[in-house]
Each structure stands twice: as C-alpha cells, then as structure tokens.
Amino acid sequence: MNISIFEQWWLAIEPAVQANTLNFWQFIYKEIYLNVIKDDRWLQYLKGLGVTLEVSFYAILVGLVLGTVLAILRLPQIQHMNARGKGFLPAVGAVVVRALSKFAGLYINIMRGTPLLLQVLIINFGIFGSVRIDKVIVGVIACGLNSAAYVAEIVRGGIMSVEKGQTEAGRSLGLGGIRTMIYIILPQAAKSALPAMCNEFISLIKETSILSYIALTELTKAGDYIRSRTFSAFTPYIVSGLLYLLVVLTLTWLIGKLERRLRNSDH
Amino acid sequence: MKKLFALMLVLALALSLSSCSKKEEATVITVATNPEYPPFEYVEGDKTVGYDIDMWDAIAKKAGIEYTIEAMDFDAVISAVAANPNTIGLSGISITDERKLTVDFSNGYINAGLVVIVKDGSGYTTADQLKGKKIGVQLGTTSDFSAEEITGKENVAQYKTFLNAVMDLQGNKVDAVIIDKPVGQAILASLKDDTLKIVDMGLQADWYGIEVNKKNPELLKKINDALAALEKEGFFDELAVKYFSAE
Amino acid sequence: MTTDIIISVKGLEKHFDEGKLKALRGVDTDIRRGEVVVVIGPSGSGKSTFLRCLNLLEEPTAGTVTVEGVNITDPKVNINKHREKMGMVFQHFNLFPHMTILKNMTLAPCKLLKKSKQEAEEKAMALLKRVGLADRANAYPSQLSGGQKQRIAIVRALCMEPQVMLFDEPTSALDPEMVGEVLDVMKQLAEEGMTMVVVTHEMGFAREVADRVIFMDEGHIIEEGTPEEIFNHPQQPRTQDFLKKVL
C-alpha cells in the first residue's frame with residue numbers, strides 16, 4: 001500500500017505517543033498530524049475559511065448599503081427637514097422623512113448597544129424561529145444588520161467631513177440632492193472614511209466567529225470541530241487564527257493600496 | 001493618597017502570599033465541567049449537581065481527593081485539563097481512541113444510550129430514514145459522532161449546547177436531534193412541547209470517562225481504583241436509580 | 001444691453017437664527033439681460049446672502065425671486081432646472097477634488113443636458129482653450145494654482161450654457177498676483193454679453209466693467225447707479241464713507 005510521507009512519520013512516532021514519551025519535536029508533529037493532516041482535516045479549515053469569507057463578503061455589502069442609507073437619514077438637514085411649501089403632501093413627506101430619521105437613530109443605538117451574540121441568537125431563534133433557512137443567510141443578515149449601524153456612523157462622519165461648498169457647487173450646477181450625494185459627496189466621504197471602514201471590515205470578519213453558536217461551520221467552528229475530536233489544547237485555534245490573520249492582512253494591504261491610489265489623485 | 005497607596009501595596013502582598021500558600025497545601029483537584037447537560041451536570045440554585053457530580057464525589061471520597069468545581073464552556077474544559085495536570089474534565093465526555101492520543105480517560109462509568117428527538121408526525125423511526133437529513137447535535141458529544149455516521153459530516157449541525165439544537169428542531173432548521181437518552185428525556189420534560197417526541201433507534205453510544213491530563217497517571221490510577229470499588233459496591237446501580245428511575 | 005428683465009427681486013428678506021440675525025431686510029432690484037451688476041458693500045452687509053438667494057442656495061425668508069418670468073421661491077418650481085441656467089462661482093472655487101478637470105466640467109452637462117460624453121468633452125476643451133488651460137484637462141484640482149482653479153470654476157459653470165453668471169467674491173481667496181488672470185476671464189465674459197452679478201471688493205473691476213453698481217449695507221440697497229455715479233458722485237453718506245475707506 002502507498003502511504004504518504006506524513007503517515008510514515010506518524011507511524012514512526014506512534015509508539016512514543018502510546019507510551020507518552022514524546023520529545024518536543026515529536027509532540028509538535030503529533031499536534032500537526034492529528035489537527036491538520038489526519039483525515040484531510042486541513043480541508044475542514046479551508047471550508048470554514050470559505051464560509052467565513054462568504055458570510056463576511058455579503059455582510060459587508062449589506063452593511064455598506066444599509067449603513068449608507070442610515071447615515072444619510074441621520075444627516076442634520078434630513079433630521080430637521082421642513083416641509084417645502086404648504087399643502088398636505090409636502091407636510092406628510094417631511095413628517096415621514098423625520099420619522100425615518102428618528103428610526104435610523106434608534107436602530108443605530110440598539111444595534112450598537114447590544115451584543116452581536118444576542119442579535120444572532122434572536123435573529124436565528126426568534127425572527128427566523130420557524131423558517132427553514134440557510135445558516136449562511138442568517139449569518140449575513142445578522143452580521144450585516146449589525147455592521148450597518150457602525151458603517152452608518154463612519155459614513156456620516158465621512159459625509160460631514162466634506163466641505164459644505166462641495167454640496168453648494170453641485171447644487172448650483174443644477175444637480176439634485178441625490179445626484180450631488182452620489183457623484184460628489186459620497187466619493188469624497190468614502191475616501192476620508194476608508195481607514196475607519198477598514199477597521200470595521202476587520203472587526204466584522206472576526207466577529208463572524210460568533211455564528212458558530214448557531215451551528216454555522218465557519219472558520220472558528222472548524223477549529224472547534226477538530227478540537228472536539230482530538231482534544232488538543234490549542235493547535236486548532238492556532239491554525240484558525242493564522243487563517244484569520246492571513247485574511248485580515250490581505251484586506252489591510254488591499255485597502256492600503258486603494259488609499260494610496262486615492263491619495264495620489266488629489267490633495 | 002500615600003496612605004491609600006500603602007494600603008493597596010499591603011493588600012497586593014497579602015493576596016500574593018495567600019495564593020502562594022494555597023499552592024503549597026495538599027493538591028486540590030479542580031473539576032472542570034460544563035453544567036448545561038442535565039441530568040449529568042447542571043446548576044441547581046448556586047450549586048453544580050448531577051449524575052457525574054455525584055459519581056465524582058463518591059470517587060473523591062473513596063480516593064481521599066480534595067476538589068473544587070469550576071463551571072465553564074465545554075471548549076474551556078479541554079483547555080483547562082491541558083493547562084493543568086491537577087485539573088480533571090468531568091462533563092459527560094465520550095471516550096474515543098483519537099482523544100486518547102492526547103489525553104487520558106478513566107474507565108467508562110456510564111453508557112446511557114442515545115435517542116433521537118424528532119417532530120411528532122415526521123414518521124422517522126429508524127436511523128436509515130435519517131440518512132441525508134439534517135441532524136442537530138451538541139459538538140463533540142457521542143451524539144455528534146453518531147450523527148456523522150448516519151447522515152455524513154456535511155449534514156450535521158453542531159451546536160455549542162444541545163438546547164440550541166432542540167430549538168432549531170422546533171424551528172424546522174434541522175430534522176432530528178440525537179442526544180443522550182437521559183438528557184433527551186430531561187429536556188422534553190422541561191420543554192413540555194408535544195410537537196416533539198423521542199424515538200429509540202438503538203443507536204450505539206460511547207462510554208463516558210473522566211478526562212485526565214497525561215502528566216498525572218497517579219491521579220488516573222486513583223480514580224480507576226475508586227471506580228472499580230464503587231462498581232463492586234453497587235454504587236453505579238444506586239446512582240442510576242436516583243437519576244434514571246423514569247425508565 | 002436690452003431692457004429684457006431676466007431676474008426680478010421683490011421684497012427679499014433673509015433671516016438667520018430664527019430671526020435674530022436679519023441678513024437681508026427687503027431688497028428690490030431687477031437684473032436685465034446682458035447687464036453686468038457689481039454688488040459692493042462692507043462685510044456683513046448681506047451682499048453674499050443676496051447673491052446666494054438668487055439661485056436659492058439660501059432660501060429667502062420672505063419676498064420673491066422671479067427668473068425669466070417664473071417665481072422660483074414657489075416650492076412647486078423645480079429649482080434644479082433653474083439653477084442649470086444660473087452658473088455660480090464661489091470664493092473657494094469648490095472644484096470637485098476627486099475628479100479631473102475635464103470630469104469636473106462634463107459631469108453636469110452629461111447628467112443634466114443629456115449630452116454625450118464626446119459632445120460634453122469637446123465643449124469643455126473649447127472652453128479650456130479659451131482660458132489657456134487646455135493642457136491641464138486631465139490634471140486634478142490639487143495640481144493647480146488658485147488662479148487656475150478659479151478659471152476652471154468659471155468655465156465649469158459655463159459648460160452648462162447658463163443665462164446668468166453669479167460670482168461670489170471670486171478673487172478674495174486668491175494670492176494678489178493671481179487676481180488679474182481671473183478678472184481677465186470675467187472681463188472677457190462681460191464683453192461677450194453675458195449677464196453677470198458679481199459680489200466683489202475689486203473696485204477697479206467694478207469701475208471698468210460694471211454697467212451698474214449696487215452698494216449694500218445692513219441688508220438694504222443703499223444706493224445704485226452707474227460706476228461713474230457711485231464712485232465719483234455718491235449721494236448717500238454711508239456710500240461715501242465706505243468708498244473713502246476702500247479707495
């Protein structure tokens with residue numbers, strides 16, 4: 001029978017494992033073999049990593065879109081919006097907009113003021129209590145809704161950092177409020193918000209580990225799974241941790257590159 | 001301000017001294033357990049109680065072991081035992097060959113059997129019917145291993161606590177939950193949910209053992225000797241009556 | 001210059017801070033097509049607020065602004081459509097820093113006048129050539145001097161083919177040596193018959209280019225007339241006082 005070099009090494013140290021007489025290097029190899037190599041366990045980590053990336057990616061998208069909308073609703077000019085003109089429709093319009101703005105504020109406070117773990121459990125066992133739904137979707141919704149609250153504050157800060165003159169220039173050319181926001185304000189807000197946003201993305205990626213509570217096999221859970229089989233003290237955590245680090249470093253590098261490119265274009 | 005600082009210094013010294021002296025006393029064994037697993041270990045009032053706890057108390061008395069109980073997550077039980085040879089894991093832990101490569105286990109002290117919780121009216125009566133179905137379990141339990149064999153790794157949803165697994169069964173996110181027989185009976189009794197029912201599919205369970213650090217074979221021997229004596233005395237049956245008399 | 005009135009202002013008032021600050025206290029005037037009106041006055045006199053009310057960047061508290069026969073203070077009016085016809089140049093240029101010069105100039109025409117990208121760029125390039133900045137088309141605003149930025153801001157507004165140009169202290173933020181190049185562009189524009197309303201401290205420009213000079217103080221028009229009348233024969237003591245200080 002053909003056995004791999006890893007199996008051969010394992011067989012070589014197995015007597016020492018049984019006799020509990022491993023030296024340091026043999027111990028290291030035992031840990032690696034049991035927690036990474038045996039039964040193709042490295043695949044488990046990679047699958048977990050895939051789920052973590054999938055959930056993080058979509059949650060970031062949800063957070064960005066919803067967060068931007070929330071941020072705009074929280075702008076002073078929306079919060080204190082007055083009816084433009086007299087009559088029923090403008091009055092109702094202004095009331096609705098102000099109510100939405102209040103709701104956005106409440107939403108942000110609740111989402112930032114309660115632990116993500118509770119939100120995940122409530123969404124899984126409460127809101128989707130009797131719905132057969134893919135856990136990845138539950139994870140995307142829970143993490144996305146939570147992230148949106150933080151993104152909202154970051155984007156709002158970014159928007160407020162753009163000079164008022166930029167809005168006036170856009171409006172004076174005849175661009176409407178929404179177009180001015182999309183083409184002129186948000187791109188500049190995004191630039192100044194980028195470092196804080198990078199932080200938020202990094203937090204989000206790591207926080208998806210909480211989804212292991214609802215039995216989603218993401219990266220942390222993959223480590224937990226292997227550990228529950230091997231009873232190894234911490235080796236699976238190190239492997240998972242290294243993979244998180246790899247993802248975060250890659251993201252940091254990419255965003256740093258983007259930041260430099262944006263910086264070169266102006267100022 | 002100076003006085004306050006001096007006071008704090010004295011306090012700190014006293015604390016460090018007392019912790020030193022503790023170590024010099026006769027070894028006190030720390031019992032690491034995850035008391036979310038009735039009737040094996042659970043919290044009643046502010047005390048951790050259960051089948052495992054009674055069993056351990058008898059062992060400790062027999063072997064003359066002093067101990068304190070520390071409640072923690074199941075994940076942390078593994079770490080606690082790995083970190084300190086004077087800590088044992090007592091938490092309905094299944095003895096498996098693979099785990100034996102890393103930690104030691106006492107001889108098995110209970111094999112309570114497995115049952116399956118399903119929705120009433122789902123019609124599942126045999127393990128074969130569960131093939132390819134989503135099965136919820138608590139991660140790392142004997143139920144987990146059994147579920148993997150039945151339905152394949154990718155269809156097992158592994159929760160931190162079996163309670164969450166049962167809740168997802170109520171919410172239709174899994175088709176069945178495999179669970180220790182007494183645990184399943186305990187939870188159904190407390191949930192009072194008549195849409196759920198217990199089915200015995202004759203699944204094979206692992207024996208439970210006490211997890212001991214490989215660096216402490218003396219402790220392991222003491223425990224095993226005590227277990228053998230207790231079994232001979234009929235204590236195992238006594239305890240079974242106390243906890244599993246519902247059968 | 002014709003007698004055709006393009007902007008008519010009646011009883012214009014603007015209050016800030018819930019009426020605590022009254023920037024405009026009833027301003028009436030007409031701007032005729034092809035006319036160059038220069039508004040002067042001490043700082044805080046309300047001249048900038050007056051200008052910003054003309055395209056509703058400030059919403060008037062009372063009074064009307066009628067542009068080509070339409071009362072634009074009426075909320076039912078689509079103000080964006082009217083702003084398209086009224087170019088505005090700001091003290092601090094307000095170029096879009098994240099876009100190239102060409103993009104700065106073509107954004108609004110492409111979005112609002114439904115021009116093709118090529119059409120808009122051709123027009124923009126022609127204008128850039130006129131102000132001698134064709135070679136900077138692909139530069140970013142941060143790479144330009146203040147004078148260059150303000151010339152770009154002017155041609156950016158011109159890309160929308162406006163009927164009126166509003167200038168809000170266009171040279172106040174410039175280094176002295178760059179004032180001339182901006183004023184030259186404005187003079188050229190005036191010679192071509194553009195209707196212009198200019199708020200400025202450049203008395204030389206007012207004297208040379210204006211058809212009419214308006215002197216404002218404390219939210220009122222104190223005096224208006226030809227440059228000859230205002231600069232050489234001011235009737236009001238406040239005008240005389242102001243001119244004594246600045247000339």
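Modeller: This is a predicted model. The largest cavity is lined by Asn34(B), Tyr37(B), Phe74(B), Ser91(B), Gly92(B), Ile93(B), Ser94(B), Arg99(B), Gln138(B), Gly140(B) and Thr141(B). Strand β6 of chain B, residues 87–94, gives the largest share of that lining, four residues. By class, the cavity lining has seven polar residues, three nonpolar and one charged. The volume of the largest cavity is about 60 Å³. How many cavities of 30 Å³ or more does the rule count? The count is one.

Now the open space. The largest pocket has a volume of about 1,900 Å³. It is lined by 41 residues, and the closest to the pocket centre are Gln77(A), Ile78(A), Met81(A), Arg171(A) and Glu59(C). In chain A, the elements that give two or more residues to this lining are α4 (76–79), α5 (88–113), α7 (135–161), α8 (164–172) and α9 (177–207). The largest share of the pocket lining, seven residues, comes from α9(A). By class, the pocket lining divides into 23 nonpolar, 10 charged and eight polar residues.

Next, the contact of chains C and A. Chain C puts 32 residues into it, and chain A puts in 22. Together they bury about 2,300 Å², with 58% of that area from carbon and sulfur atoms. There is one salt bridge between chain C and chain A. The side chains of Glu168(A) and Arg52(C) meet in a salt bridge, at 2.5 Å from N to O. On the side of chain C that touches chain A, the elements that give two or more residues are α2, β6 (86–89), α3 (101–112) and α5 (146–158) of chain C. That side of chain C has 19 nonpolar, eight charged and five polar residues.

Two pairs of chains touch, and the most contacts are between chains A and B. Here 35 residues of chain A are in contact with 35 residues of chain B. The two chains bury about 3,000 Å² between them, 51% of it on carbon and sulfur atoms. On the chain A side, Arg132(A), Arg229(A) and Phe231(A) lose the most area to chain B. Together these three account for 27% of what that side buries.

The charged pairs come next. Seven salt bridges are counted between chain A and chain B. In one salt bridge, the side chain of Lys135(A) meets that of Asp168(B), at 2.5 Å from N to O. Across the interface of chain A and chain B there are 20 residue pairs in polar contact, both residues at pLDDT 80 or more. The elements of chain A that give two or more residues to the side touching chain B are α1 (5–19), α2 (24–37), α3 (41–73), α6 (116–127) and α10 (219–230). Of that side, α10(A) supplies the largest share, seven residues. By class, the side of chain A that touches chain B has 14 nonpolar, 11 polar and 10 charged residues.

What of the remaining pair, chain B and chain C? No contact joins chain B and chain C. Their closest C-alpha atoms lie 48 Å apart.

Key. Residues are numbered from 1 along each chain as its sequence is written. Chains are lettered from A and ligands numbered from 1 in the order in which they are written. This is a predicted model: local features need pLDDT of at least 70, side-chain atom pairs count only at pLDDT 80 or more; totals for chains, interfaces and linings use all residues. Side-chain values use heavy atoms; hydrogens and water are left out. Contact means heavy atoms within 4.5 Å. Buried area is the accessible area (1.4 Å probe) that two parts lose on being put together, summed over both. A salt bridge is a side-chain nitrogen of Lys or Arg within 4 Å of a carboxyl oxygen of Asp or Glu. A polar contact is a pair of N or O atoms within 3.5 Å; within protein, one must be able to donate a hydrogen and the other to accept it, and residues adjacent in sequence count only if both atoms are side-chain atoms. Ala, Val, Leu, Ile, Met, Phe, Trp, Tyr, Cys and Pro count as nonpolar, Asp, Glu, Lys and Arg as charged, and the others, Gly among them, as polar. On a 1 Å grid over the protein atoms alone, a cavity is a set of points where a 1.4 Å probe fits but cannot get out, and a pocket is an open set with protein on both sides within 12 Å along at least five of seven lines; lining residues have an atom within 4 Å of a point. Grid points are joined across faces, edges and corners, and a volume is the space filled by probe spheres set on the points.
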